[in-house]
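Subject: Structure handover

Hello,

Here is the structure for you to look at. Please open it first, then read my notes below.

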Amino acid sequence: MLIEKYKIAEHNDALMATHRRAFDYIAGEIPQTTEILQRLAAFQVGIPSWALGTGGTRFGRFPGGGEPRSLEEKIEDVGLLHQLNQSSGAISLHIPWDVPSNAAHIKAVAAQHGLRFDAMNSNTFQDQPGQQHSYKFGSLQHVNKAVRKQAVEHNIEVIRHGVELGSEALTVWLSDGSCFPGQLNFRHAFQNTLEGLQEIYAALPDNWKVFVEYKAAEPNFYSTTVGDWGQSLLYANKLGPKAYSLVDLGHHLPNANIEQIVSLLLMEGKLGGFHFNDSKFGDDDLTVGSIKPYQLFLIFNELVDGMDARGMNHNTDLGWMIDASHNVKDPLEDLLQSVEAIMISYAQALLVDRKKLLAAQQDNDVVTAQEILQQAFRTDVRPLVAAARLQAGGALQPLALYRSEKVRANLVQQRGLKTMATGL
Ligand code: AFD
Ligand code: MN
Ligand code: MN
């Protein structure tokens, strides 16, 4: 479902005077407004296909209705988000939850909505019906070569699907690890995984990247075979120039300094992709910016600094994706909030006076350094984000328009109350 253009225009007209006042104020305060607006307009965040349905926990699931019943409907949902905020111009697919049986058709549906295909995600953490070997004791790490081979072949098949759709990256997240001491020989598990990743790497087209996603715990709770950024970087370095680490904000041990990790991975040219979400405890997959907005800003601050140091394109040189799923919210509302939080943090990071910050660091002027960062963080950049969206044809307040247009009720009417999107 899309919202008719005149409705977006009406919504914007009604809010225009208030928006103008707020925008003029901040534009008067910030000299580089035009440049920031251009950067914001260019910045696109990939939406994961599995976040469009209601998530759940191992205790239960409370679907809200109107969930997408097919890959086409998932793409339509992302198309609607993109129509509203103009910053969700990509979708990240998961195989086998979203097998594009007719790739040309799927590509055309995405193109209609102005969407491209971000990184493809493989799945060797679940057994699928009819699958020969089980992943109960891991996939690429498995002691049995036949299981490893099956996992490698699955990843190569995912690459094939991605090539048909015009994607250019594969994200490998493994749930491999162990639940009890003694269960696993760590070195064998690492070597087996490396060998498997090497075979997958060899199947990558020239213009492709592979992202090795790490995660500290869950579903294995004693060890994880790609457990932290050090291990991910080891794999990426051993694999070669097309291999990168992927940072998922929820995949660290408590209180990890994620901004420092990001900074060093970027310095090494080995940060490839990003999964945004927020968390209180672990891989909570909560709305981006809902728990630790200052941390999100600090991460963006390092991202901008590190990308600029390497002359990277902010929008295209890293894979920006959300990885969240929701239990108590309308998934589309949650995604609108998440994208907004990302854009706000990015805009704030663009405000940081880097020359002054460097000078303060050189002088060991701790107070000034902190003031510079907090000055940016405490600036209300929402009018800038809204202005970039407005220029691109989006809505001044995407969430408000989503609600006043009763999008969810319409989707329930179209798709039914009991639909269930594929995913976990
Ligand atoms: C996992 C990982 C990974 C994976 C996803 C599946 O973050 O990105 O694709 O969840 O739902 O925790
Ligand atoms: Mn992730
Ligand atoms: Mn995760």
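Start with Leu 84. Leu 84 is buried, because 27 other C-beta atoms lie within 10 Å. The cut-offs: buried means 20 or more other C-beta atoms within 10 Å of a residue's own, exposed means 12 or fewer, and partly exposed is in between, with C-beta atoms placed from the backbone.

Before going on, two notes on the model. It is a predicted model, where local features need pLDDT of at least 70, side-chain atom pairs count only at pLDDT 80 or more, and totals for chains, interfaces and linings use all residues. Residues are numbered from 1 along each chain as its sequence is written, while chains are lettered from A and ligands numbered from 1 in the order in which they are written.

Back to Leu 84. It sits in helix α3 (residues 71-85). Helices (H or I, at least four residues) and strands (E, at least two) are DSSP runs, numbered from the N terminus. Which residues does Leu 84 contact, leaving aside neighbours within four places in sequence? They are Leu 336, Gly 394, Ala 395, Pro 398, Leu 401 and Tyr 402. Contact means that two C-beta atoms, placed from the backbone, lie within 7 Å. His 251 is 167 residues from Leu 84 along the chain, and their C-alpha atoms are separated by 30 Å.

Now the whole chain. It has 15 helices and 11 strands. Its radius of gyration is 22 Å, close to the 22 Å from the globule rule for 424 residues, so the chain is as compact as a globular protein of that length. That radius is taken over C-alpha atoms, and the rule is 2.2 Å times the number of residues to the power 0.38. The C-alpha trace spans about 65 × 60 × 40 Å along its principal axes. Of the 424 residues, 47% count as buried. Take the contacts between residues at least 6 apart in sequence: 81% of them join residues at least 24 apart.

Next, the core. The largest nonpolar core has 109 residues, and Leu 40, Val 212 and Ala 347 have the most contacts inside it. Helix α10 (residues 331-351) gives the largest share of this core, 13 residues. Such a core is a set of buried Ala, Val, Leu, Ile, Met, Phe, Trp, Tyr and Cys residues joined through C-beta atoms within 7 Å.

Then the ligand. How many residues surround ligand 1? There are 9, and the closest are Trp 50, Asn 121, Trp 173, Asp 248 and Asp 323. The shell has 3 nonpolar, 2 polar and 4 charged residues. A residue is near a molecule if its C-beta atom, placed from the backbone, lies within 6 Å of it. Asp, Glu, Lys and Arg count as charged, Ala, Val, Leu, Ile, Met, Phe, Trp, Tyr, Cys and Pro as nonpolar, and the others, Gly among them, as polar.

Last, the backbone. Most residues other than glycine have a negative phi, and most peptide bonds are trans. The bond from Ile 95 to Pro 96 is cis, with omega near 20 degrees. Pro 96 is in the loop between β2 (90-92) and α4 (103-112). Glu 218 and Pro 219 are also joined by a cis peptide bond, with omega about 5 degrees. Asp 285 has a positive phi, near 55 degrees. Asp 285 is buried, with 23 other C-beta atoms within 10 Å. Lys 406 has a positive phi, near 50 degrees, but counts as exposed, with 11 C-beta neighbours inside 10 Å.

Best wishes
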